[in-house]
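The paragraphs below go through a predicted model. They take up confidence, then one hairpin, then the interface.

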Amino acid sequence: MSNQDSHSLDLVVELDHVSKVYGHDASRVVALDDTILHVERGEMVVIMGPSGSGKTTLIQIIGALLSPTTGCVKINGTDLGELSGKKLSKLRLRDIGFIFQNPNLLAALTARRNVELVLNLNGIKGDLARETALRLLDRVGLSGRTRHLPAELSGGEQQRVAIARALANSPSLILADEPTANLDSKTGHKIIEMMKDITKTEERTVIIATHDLRIRDVADRVLWLEDGRLSSHWSNGYAIDPVCLMLIGKLTKTTSEVEEDVYHFCSESCMREFTKDPQKYIERSKLGRISH
Amino acid sequence: MSLALRNLYHQKSKVAISIAGVTLSVFLILTMSGLYLGFSTMMDNMVTHSGADLWVTSEGASGSLHSPSLLPLNIRENLSNIEGVDTVSPLIRQPLSTTLKDDTVLLYINGYDTDTGMGGPWSMASGNSDLDAGEIVIDKVLASQYGYDIGDNITIEEKEFKIIGLSDKSYIMIAYIIFLSFDDAKSFLLEGVTNYFLVSVADGFTDEEVSASIVDTITDVSVSTTSETAKAYKDEVIGGFIPVFWMLSGIGYLVGIQIIGVLIHSITMENSKEFGILKAVGATNFDLYRVVAVQAFIISALGFTIGSIVVPVLISIIQTYVPEFVVEIDLQMIMQSSFLGTLTGLLTSILPARRIAQIDPALVFKEV
C-alpha cells in the first residue's frame, strides 16, 4: 500500500513486513514474523494470543519503544525508522497514549499530578494543565479522588487514572497491554466500556493486546497472534477458562472433566469456583465461544 | 521540580538521614577550618596586639615563638638611642614545663614591661591586667581545667603568684600562656637576658628605615616587622598542622559527597521503573536527568544550609563545656560551605546520569 493510499484511508498505524528477532543461532527467537497490520482512525483492534506469542513485542514496536529487526512502522504517516531517540520520545508523548497491565502510576504523585505530569512534559503547565487533568479524571469517573495517592486508590481506580493519563495529550493512538488482567471481572468490564466509549466518541485509534475474551465483543477487529504471525483465526491449541473467560493454553494442568468434556482453567481458584456450579459456567463459556 | 520534591518527600526518612549525614560532614569541615582559623587568629593576636612595630631578636633567630632568641638586657639603651625608635620594651616568651596540682603542664611565660604594656594580654575574659610584683594573669582554659579563679594563688616552680585576671584566646593547643611582669618573669630565664625587644617606631619614620638602623648599629641582632613575626608564629605553630586540617576537611567533604551520592543513586535505582514509565510516556533522558539533578541539589542545599546554621550553634555549645575547643567560624567559611553544597549537588547528580540513559522503557511492560 502506497503512502497516498494510506492517507486516503486515514491510517494511524502501518506495519509493513515487520519482523522482530531476539538472540542468535541456537537462542534465536522470532517474536514477529513478516507482520502486516494497518489500523484506521477511530478503529478498535484487539490482538489476542497465548503468552509469549509476541503481543507485547508488537505493542512495543507500534509504541516506538522497540525497533523492528526488519520492516517499516509508520504512525500517522511518519516512518519511525527515520526518527532520532529524542524525536521518538516526542512522538510517544504527543501521538501515543499507553495503558499497561499495571497502572504504572508514579507513587509519589496524586492522581491529578500523575495526569498533569504528562501534560507538563509536553509543555502544558499551570492552570491549563490542572484543569485538563481534572477534566480527564472527571471523564473517567474519578472527580472525587484527584488528591489521592496511587496507594490510596483501588486497582480499578488506578487503571482509570492511567487511562486519563493516556488521554492527556489527546493522542491519536492508544496502546493497551492487558489492561484488564489485574482487575476483577466487574471492574474489568467498566474499563472495557470506558475504552470503547473513548474510541467511538473521541475518534481515537485503540489497539489492545489481551487474553481477555470479553474485550472481543467491543472490538471492531479481533486478530490472533501466534508464532509471531497475525491472522484473523485462532488455532486449536487454546481453550477458554469457563470461569474468567481468559484464553489459555490447553497444556495447563488445571483441568476438570464434566460429561466427557475437558475444561481448562487459568488457576486453581477458577477451577474451584467451577466445581461449585459447573453447569452455570459451561453455559456461559458456550455463549462466549469464539467461532473457529 | 515538583516530581523531584515529591520523590524526596515520599522518602522522608531516607532524606532526613542523609541530611543528618551531610550536617555531620559540614560539622567536620567547619570544625577543621574553624580550628585552623582559631589557632591562626590566636597566633596573630600574640604578635599584632603587642603594640610593637618591630621585633628584635638575636641574630639568626626567626622571630618565631620557639626561636632560641636571647638578647642581653643592656642593649635596651642602645636601641632607645637609635633615630626613629620611639619605645623599647623587653619581652620574655619562654616555654616552661612544670607541675600544677600533680599534673605536668606546658606553660608559656609571657613576661612584659608593665610600664609600656607592650606584649601584655591581648584579650581578657575577666579580672584586670594591671600587674604588680607577685601578680599573674592566667589563661581561662588553664583556670577552668585546674580549678583556679581570680584571687587564688598559683605556685609555679615554687614561686607563688596571686591571680588577678583570666585571659582569653591564650590557649595555644599544646600550651597555656600566663602573663607576668617582666621582673617576675626574669626569674624563669638566665640572668641579664630577654627573648625579645619590642620596638615602636616614631612618627615620620618607616619600619624599614628603623630596622636598617638597628641592624647597622647593634651587632648580632635580627629585626622583623610585626607582620613578618606574625607569619613566623603562624607558620611554626600551625604550619605543621595545615596538611592535616585540609586533609580532614577534605575527608569531611568526601563523606558529604558519598552520603548524597549513595542516596541519589539509591533513589534512582528504586525509581528505575518510574523513570522507565516516564520514558515510555515520552520523557527524554534530559527530562529525567533534570529530576535527579534537582533531587541532588535539594539534598545538598538543605544539608549544607542546615549544617551551616546548626554547626556554629553546636560549636558554641561545645565551647561552653570544652573551652580548649578553639574553633572560630566566620562568614567566609559559611559561604565556602554553601559553595561546596552547590558543587556537591552538581557532582552527585552526574553519578546516576549513565544509569538513567540505560533505563529501558520496556520495563513498564513487565508485571511486578
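Within chain A, confidence is lowest in helix α1 (residues 3–8), with a mean pLDDT of 45, and highest in strand β4 (residues 70–75), at 95. Here pLDDT is the predictor's confidence in each residue, from 0 to 100, and helices (H or I, at least four residues) and strands (E, at least two) are DSSP runs numbered from the N terminus. Chain A has a mean pLDDT of 83, and 87% of its residues reach 70 or more. Over residues 1–8 of chain A the value stays under 50, and the model has 10 contacts (heavy atoms within 4.5 Å) beyond four places in sequence for them. Residues 287–292 of chain A also stay under 50, with 12 such contacts.

Residues are numbered from 1 along each chain as its sequence is written, and chains are lettered from A and ligands numbered from 1 in the order in which they are written. In this predicted model local features need pLDDT of at least 70, side-chain atom pairs count only at pLDDT 80 or more, and totals for chains, interfaces and linings use all residues, while side-chain values use heavy atoms, leaving out hydrogens and water.

Strands β1 (residues 11–22) and β2 (residues 29–40) of chain A run antiparallel and are joined by eight bridges; pairing requires that DSSP find at least two bridges between two strands. A:Y22 has A:V29 in β2(A) as its bridge partner. Six residues lie between the strands of this hairpin, and A:G23 in the turn has a positive phi of about 75°.

The contact between the chains takes 25 residues from chain A and 23 from chain B.
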